[in-house]
Amino acid sequence: MRLYVLIPAALLGLAPLACGGSDPEPNNPSQMQNQYGANQYPPGQYPPGQYGQTPPAGQYGQTPPAGQYPAPTPSQPAPTQTPAGASGGNATPIAPAAVAMATPVLTAMAASEVQGMQAEGGAFAGQFQDGQTLEQPFNIQPGKCYSVIGAGVGITELEIQLVAHTPPMPPMVLAQDSTTGPNATLGGKGSCFKNPLPIGGPAKAVLRARGSGMAVGQIYVK
């Protein structure tokens with residue numbers, strides 16, 4: 001009888017060691033979750049102020065609410081400007097008769113500016129946009145003296161140059177007008193350009209317009 005009583009008592013004394021321990025089993029996720037209280041908050045959320053909490057709007061690079069900051073203004077390229085005096089391309093050649101309203105002006109200029117000189121070839125004319133040029137080729141003769149007159153309609157300034165060009169040499173400006181306005185004279189009133197060389201060569205009279213319109217020109221020689 002004594003032995004029968006001692007065995008159950010021994011078993012009862014070992015029971016707390018086998019079943020009553022409070023330490024969680026190693027690597028048991030369910031034990032660890034219960035230990036740290038993770039199940040107190042919905043999945044993916046954390047207690048306020050603790051690690052991993054989403055920062056308030058506008059902090060740490062978060063996109064601010066719509067309308068809080070003005071949208072950036074796209075950059076605009078700076079407008080391109082043509083420098084003064086630069087060529088704006090070639091004018092469109094037209095028949096001198098198309099500039100009939102300038103013919104009386106050109107006739108009056110010839111009578112006062114190039115007396116005693118003869119026309120070198122025919123008149124030449126063009127339709128201009130601002131900065132465009134019109135060229136009239138001719139052969140400059142040795143010992144001869146040259147003048148060029150021009151009249152414009154609609155343009156604000158007409159410029160005239162006398163240019164020698166013998167390829168492969170670059171063009172060389174021989175003379176240029178000093179007048180202002182829509183009408184121009186190069187070498188007028190006896191101050192024509194004289195070729196100082198004993199030989200001739202290719203040359204051209206160049207009209208350049210400021211503003212849009214038409215212009216007609218004529219080369220004279222003596």
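Is strand S10, residues 201-210, largely enclosed by the rest of the structure or exposed, and why? This is a predicted model, so keep that in mind throughout. In S10, 9 of the 10 residues are buried, so the strand is largely enclosed by the rest of the structure.

Now its partners. Strand S4, residues 133-140, pairs with S10 in the antiparallel sense, over 8 bridges.

Next, a single residue. Thr185 sits in strand S8, which spans residues 183-186. Its relative accessible area is 10%, and under 20% counts as buried, so Thr185 is buried. What is Thr185 in contact with, leaving aside neighbours within four places in sequence? The contacts are Met109, Glu113, Val148, Ile149, Ile160, Asp177, Ser178 and Thr179.

Two of those names, Met109 and Glu113, take us to helix H3, residues 103-113, where they are buried along with Leu106 and Ala110. These four cover an arc of only 100° around the axis, which puts them on the same side of H3. As a reminder, an α-helix has 3.6 residues a turn, so residues three or four places apart point the same way. Pro104 and Thr107, on the other side of H3, are exposed.

And what covers the buried residues of H3? The cover includes strand S5 (145-153), S8 and strand S11 (213-221).

Notes. Residues numbered from 1 in each chain as written. Predicted model: local features only at pLDDT ≥ 70, side-chain atom pairs only at ≥ 80, totals over all residues. Heavy atoms only, no water. Buried < 20%, exposed > 50% of the residue type's maximum accessible area, 1.4 Å probe, protein only. Helix = DSSP H or I, 4+ residues; strand = E, 2+ residues; numbered from the N terminus. Pairing = 2+ DSSP bridges. Contact = heavy atoms within 4.5 Å. Arc of directions from axis to C-beta.
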